[in-house]
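Please keep the sequence and the picture in view while I talk.

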Amino acid sequence: MAVASVHNELRSEQPMIEVSNLTVRYNISRTGQTLTAVEDVNLTVNAGEFVTVLGPSGCGKTTVMNVIAGLVEPTEGTVLVGGEPVKGPSPDRAVVFQDYALLPWRTVADNVRFGVEMQKQYRGIDMTEKINDAIEMVGLKGFEKSYPRELSGGMQQRVGLARALVGDPRVLLMDEPLGAVDALTREVMRAELEKIIQGTGKTVIFITHSIEEAILLGDRVVVFKSHPGSVLEIHETNMERPRSERGAQGDPRYLELRDHLWTALEREATAAVRERA
C-alpha cells in the first residue's frame, strides 16, 4: 500500500492549510513539568479537500485542530490558512464540536444566528434569509423556533453544523461531531454531511475515532501517533463518491485501507499503553 509522504507532497495549487514543524508544549504548574502534546507536525490541506484524522486518544489531534482554529498558540512552527499566519480565531474558520455547544435558552434560528452576530461584516444586515437557508441545508426546516431540549442529539448536531456554515467560512474544523449520536443517526448524518460538503466546496478537517467513518468521508486519511503526537501516515482514499458503508463493503480499496488502518492504530494504541505502564 502506498503511503503519501508526510513532509513532501507536491501539489498544483497553494494549500488552504499549511502546518509546518508544529510543536505545542504545556507547562504543568502543579508539577513544574513540561508536557509535549504534539511535536514536529507537518500537514497540508488543499482548498475543497476533506481530510479525516485518526489516532489513539491523547495523540494531539484536537490540539492541532485548536491551533488551526486560533484557539491555541504554537510553541514552535507555523500554521498558515490561505497563505496567512494564524493569529487567533477568524470567521474564515468555523469549529463544530462533539458536544453540540448550543445555547439552551435560544431557539434553533437564534443558535444559528450566533454564528454571524459577532462578525463585523454582518452587522446591520438582515441575516434571516441566510439563517433559514443554513437551517434548510441541514434538514431542519420547520424547527426554527424549537429549543435544543426539544431536539434529538442528531438534530442538535445539525444545528451546530448550520451555525458553522451560516457565516460561509472557508474552513470547517470538526472535532468528532458525530461521536455523541447513535449508530443509525450517525450513518444518516455521515451521508448528509458528505452531500453538504460536496455542495459547498468547503475545506474540512474532521477528527474521528471511527476508521470506517474516516475512509467514507475523507479524500485523505491522516493517522497520528502519540507521545508526543505527530503524523504517522497519510493515505489517499481513492474511492468514488457518494460513499456508503453498505456499498463500500464490496470495494477492495475500502477493505484494504480499513485493514491497514486497524493494524496501524492497534499497534500505536498498544505502544501507548506499554509506555504508560
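Predicted model: local features only at pLDDT ≥ 70, side-chain atom pairs only at ≥ 80, totals over all residues.

Let me begin with D40, which is found in strand 2, where a strand is a DSSP run of E of at least two residues, a helix is a DSSP run of H or I of at least four residues, and both are numbered from the N terminus. D40 has a positive phi of about 55 degrees although it is not a glycine. With a relative accessible area of 37%, D40 is partly exposed; the word buried stands for under 20% relative accessible area, exposed for over 50%, and partly exposed for what lies in between, using a 1.4 Å probe and protein chains only.

Residues are numbered from 1 along each chain as its sequence is written, and side-chain values use heavy atoms, with hydrogens and water left out.

N21 is partly exposed, its relative accessible area being 43%.

Now for the overall picture. The protein chain has eight helices and ten strands. Its radius of gyration is 19 Å, close to the 19 Å that the globule rule gives for 277 residues, so the chain is as compact as a globular protein of that length; this radius is taken over C-alpha atoms, and the rule is 2.2 Å times the number of residues to the power 0.38. Along its principal axes, the C-alpha trace spans about 50 × 50 × 40 Å, and buried residues make up 49% of the 277 residues.

Where do we find a helix that is largely enclosed by the rest of the structure? Look at helix 1 (residues 61-69), where seven of the nine residues are buried, so the helix is largely enclosed. The buried residues in helix 1 are K61, T63, V64, M65, V67, I68 and A69. Just after helix 1 comes G70, which takes a positive phi of about 85 degrees.

Let us turn to charges that meet. A search of the whole structure finds 15 salt bridges, a salt bridge being a side-chain nitrogen of Lys or Arg within 4 Å of a carboxyl oxygen of Asp or Glu. One of them joins R220 with E49, whose closest N and O atoms are 2.6 Å apart. R220 lies in strand 9 (residues 220-225) and E49 in the loop between strand 2 (33-45) and strand 3 (50-54), so the pair ties together parts that are 171 residues apart in sequence. Are these two partners buried or exposed? R220 is buried, with a relative accessible area of 0%, and E49 counts as buried at 7%.

Another salt bridge is formed by E117 with R106, with 2.8 Å between the closest N and O atoms. E117 sits in helix 2 (residues 108-117) and R106 in the loop between strand 6 (93-96) and helix 2, eleven residues apart. R113 is partly exposed at 28%, and D110 counts as partly exposed at 32%. Salt bridges that share partners also join R186, R190, E213 and E245 into one network.

Finally, two peptide bonds deserve a careful look. The bond from H227 to P228 is cis, with omega near -15 degrees, and P228 has its place in the loop between strand 9 and strand 10 (230-236). The bond from R241 to P242 is cis as well, with omega near 0 degrees, and P242 is found in the loop between strand 10 and helix 7.
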